[in-house]
Each structure stands twice: as C-alpha cells, then as structure tokens.
Amino acid sequence: MELNLPAILTPDLGLLFWMAIAFLVVFGVLAKFGFPAIIKMVDERKQYIDDSLRKAHEANEKLANIQKEGESILQEARERQAQILKEATATRDAIVEKAQEKARVPAKRQHMVYACSFERLTVFLKIRFGEADAGDVGDRVDPEFLLDEGGDLDGLSRTGATRAVGTAYKIGMQF
C-alpha cells in the first residue's frame, strides 16, 4: 500500500537543495546587514531605558532633597512664629502692666483724695461738735459705708465718701 501524498509534502532532493541554498543566502544577508541593525536598535533602546531610569533616580533624590529643605524651612518658620508669638506676648504683657501701672497712679491719687476727705470729715466733725460729740457722730457713721468696692479698708471709696457725707447731713452737720 502506497500512499499518494502531494508533491509539496514529499519534495525531491533537488528542491531541498535549492531551498537550503536560498535559506543560507537570506541568512547571510540578514547576518551581514539585518542583525547588526537590529542589535544596534536594541542596544540604543536599552541605553535609553537605562538613562531614563538613572534620570528618574536623580529626580527622586532631588525631590527628597527638596522635601527635606521644605521641611527644614517649615520648621524654621514654625520656630520663628513661636519666637514672634513669645515676643508679642511679652510686649503685650509689658503694655498691659504699663497701662495697669498708669491706671494705679490715678487710682492711688483718688484714693488719697478720698482718704483726705475722710480725714477732713473727721476733723470737721471734731471741730463742729467738739471732741465728745465727734465720737457720737463717729458712732453714727457705719464703717461698712466707708469700705471700697472690694471690701478693702485701705481707704475711702467714692461711694463710702458719699455715704459718710450723707450721714453727716442726716445728723445735722453742714458743710
């Protein structure tokens, strides 16, 4: 039993010879001109990728340096802000203290005026009613009237002075 296969599947020896010759010629031309060009393009592509990776690493390093610089600048700014706030607080406290001191001076003067008024009232009572009667009048003037708003006995408040004069009028004293 013989198989009848088409001629393309069972080539004769001459056809195989010419096919081998054609393959070797094409291979030789490719080896001489084609493969070097392909290898050159692959090497260029590899070099381009290597350069790109190197540049990417450099960019990452620069970015990391910029971030570090940014953080250090931000830290310096925070420190400067804290220093400015500290100075501003100190300045504010000094201004407030100075204003309070300026306010204390007129208050002390007013306090002295009220104290003088109280002393003048006492002297007037002693002169007007005599020594014995002044004690009686002093008993009629309630010391609570003479306290300042904070309950301080250091001096005579405006309200205390007004009450003392009012009490003096009530008991018949005239200024």
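The structure is a predicted model, in which local features need pLDDT of at least 70 and side-chain atom pairs count only at pLDDT 80 or more, while totals for chains, interfaces and linings use all residues. Residues are numbered from 1 along each chain as its sequence is written, and side-chain values use heavy atoms, with hydrogens and water left out.

For the chain as a whole the mean pLDDT is 77, and 59% of the residues reach 70 or more. Over residues 132-148 the pLDDT is below 50, and this stretch has 26 contacts in the model beyond near neighbours in sequence. Where pLDDT is low, the predicted coordinates should not be read in detail.

The chain has 2 helices and 0 strands; helices (H or I, at least four residues) and strands (E, at least two) are DSSP runs, numbered from the N terminus. Of the 175 residues in the chain, 11% are buried, where buried means under 20% relative accessible area, exposed over 50%, and partly exposed in between (1.4 Å probe, protein chains only). The chain exposes about 14700 Å², with carbon and sulfur atoms supplying 62% of that area, as computed by the Shrake-Rupley method with a 1.4 Å probe. Among the contacts with a separation of 6 or more, 50% are between residues 24 or more positions apart.

One part of the surface is a nonpolar patch of about 1000 Å², made by F23, L24, V26, F27, L30, F35, I38, I39, M41 and V42. Patches are made of residues with over 30% relative accessible area and no salt bridge, like charges being joined within 9 Å and nonpolar side chains (Val, Leu, Ile, Met, Phe, Trp, Tyr) within 5 Å. V42 is found in helix 1, and V42 is exposed, with a relative accessible area of 51%.

F17 is partly exposed at 46% relative accessibility, whereas W18, at 59%, is exposed. The rings of F23 and F27 are stacked, because their planes lie at 20 degrees, with centres 6.2 Å apart. F23 and F27 are 4 residues apart in helix 1, which means that about one helical turn separates them. Ring pairs link F23, F27 and F35 into a cluster.

Charged side chains form 5 salt bridges in the structure, each being a side-chain nitrogen of Lys or Arg within 4 Å of a carboxyl oxygen of Asp or Glu. One of them joins R54 and E58 (3.2 Å, N to O), two residues that are separated by about one helical turn because they are 4 residues apart in helix 1 (residues 13-140). R54 is partly exposed at 41% relative accessible area, and E58 is partly exposed at 35%. D51, R54 and E58 are linked in a network of salt bridges. Elsewhere, R92 forms a salt bridge with D93, the closest N and O atoms being 3.1 Å apart, and the side chains of E97 and R104 meet in another at 3.5 Å, N to O.

Notes. Contact = heavy atoms within 4.5 Å. pLDDT = per-residue confidence, 0-100. Phe/Tyr/Trp six-rings, centres within 6.5 Å; stacked < 30°, edge-to-face > 60°.
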